[in-house]
Amino acid sequence: MSVFRRMRDITVANLNERLEQSQDPVKLIDQFLHSTREEIGEAERLYQQYASHTKQLQQQVNQATAMRNKREEQALLALKAGEDHLAKLALQEKIIHEEKLEQYSGLLETSQQSLFELENQLNELKIEYQTVYSKRQFYAARMESLRLQQRMNQRASAYGGGDVPKMFGRLEDKMTDWELEAKSLSDLRRMGQEYAVQAGETVATVLEREMARLKEKLNNDGRKE
């Protein structure tokens with residue numbers, strides 16, 4: 001497994017662990033998607049560099065193959081012409097190009113394998129991004145549903161669940177209390193007035209009694225004289 005793949009596995013493992021403890025999973029997923037987009041961009045740039053390098057190696061292999069074949073043909077022509085010295089020079093260059101071909105063929109094979117692996121990893125990254133993005137949309141929808149449900153519950157709680165009969169029942173009780181209070185005050189005022197009248201009647205009676213007593217006293221004193 002490549003270092004790149006191990007790093008991605010660790011990142012996903014951390015995401016799973018952090019999601020279990022997060023109060024805002026959508027925000028955490030957005031952070032993961034952002035870092036994944038950056039990794040995709042880096043992987044694509046690396047892929048382009050690898051592709052360009054592989055193309056250059058392929059050109060070196062093709063050039064070495066062509067020069068090897070060309071020097072071998074030239075060596076054959078020199079031998080046919082009896083030019084052994086020229087044939088040896090051509091064969092020496094052929095050996096040099098064969099060595100170059102072997103070296104660049106090894107580099108090309110390694111580069112092609114790396115390019116193939118990087119392409120697979122890049123495709124996995126893109127699939128992973130799309131998968132997590134789809135999950136993000138789903139969880140965002142669930143979070144919005146939960147938020148709206150909470151607002152609805154708060155509204156129902158604030159307004160007593162929309163129970164109109166109970167609302168007017170409480171108003172009736174309140175108004176009844178106000179009416180009883182007003183009646184009590186009215187009764188107190190009436191009792192005060194009645195007391196004042198009674199008090200006035202009592203004072204008049206006392207005065208009449210005193211007047212009668214004084215008149216009787218005067219009459220008695222007149223008789224004594």
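**A helical chain and its salt bridges**

Helix α2 covers residues 25–80, and at 1.5 Å a residue its 56 residues should span 82 Å; the end C-alpha atoms sit 81 Å apart, which agrees. That expected span is 1.5 Å times one less than the number of residues in the helix. Helices here are DSSP runs of H or I with at least four residues, strands are runs of E with at least two, and both are numbered from the N terminus.

Keep in mind that this is a predicted model, where local features need pLDDT of at least 70, side-chain atom pairs count only at pLDDT 80 or more, and totals for chains, interfaces and linings use all residues. Residues are numbered from 1 along each chain as its sequence is written, and side-chain values use heavy atoms, with hydrogens and water left out.

**Overall layout**

- The protein chain has four helices and zero strands, so to speak an α-α-α-α pattern when you read along the sequence, with the DSSP runs setting the element boundaries.
- Of the contacts in the protein chain with a separation of 6 or more, 77% involve residues 24 or more positions apart; a contact means heavy atoms within 4.5 Å.

**Surface and burial**

- Buried residues make up 16% of the 225 residues in the protein chain.
- The cut-offs for burial are under 20% relative accessible area for buried, over 50% for exposed, and partly exposed in between (1.4 Å probe, protein chains only).

**Salt bridges**

- Side chains of opposite charge can pair when their charged atoms come close.
- The rule used here asks for a side-chain nitrogen of Lys or Arg within 4 Å of a carboxyl oxygen of Asp or Glu, and by it the count comes to five salt bridges.
- D30 pairs with R136, with the closest N and O atoms 2.8 Å apart. This one links distant parts of the chain, since D30 is in helix α2 and R136 is in helix α3 (residues 84–158), 106 residues apart. D30 counts as partly exposed at 29% relative accessibility, and R136 is partly exposed too, at 21%.
- E44 and K126 form another salt bridge, the closest N and O atoms being 3.3 Å apart. E44 lies in helix α2 and K126 in helix α3, so the pair ties together parts that are 82 residues apart in sequence. With 31% relative accessibility, E44 counts as partly exposed; K126, at 34%, also counts as partly exposed.
- R71 and E93 meet through their side chains at 2.4 Å, N to O. Again the pair links distant parts of the chain, with R71 in helix α2 and E93 in helix α3, 22 residues apart. R71 is buried because its relative accessible area is 14%, while E93 comes in at 33% and counts as partly exposed.
- E72, K94 and E98 are linked in a network of salt bridges.

**A spot to look at: T54**

- T54 is in helix α2, and its 8% relative accessibility makes it count as buried.
- Leaving aside residues up to four places away in sequence, T54 touches L108, S111, Q112 and L115.
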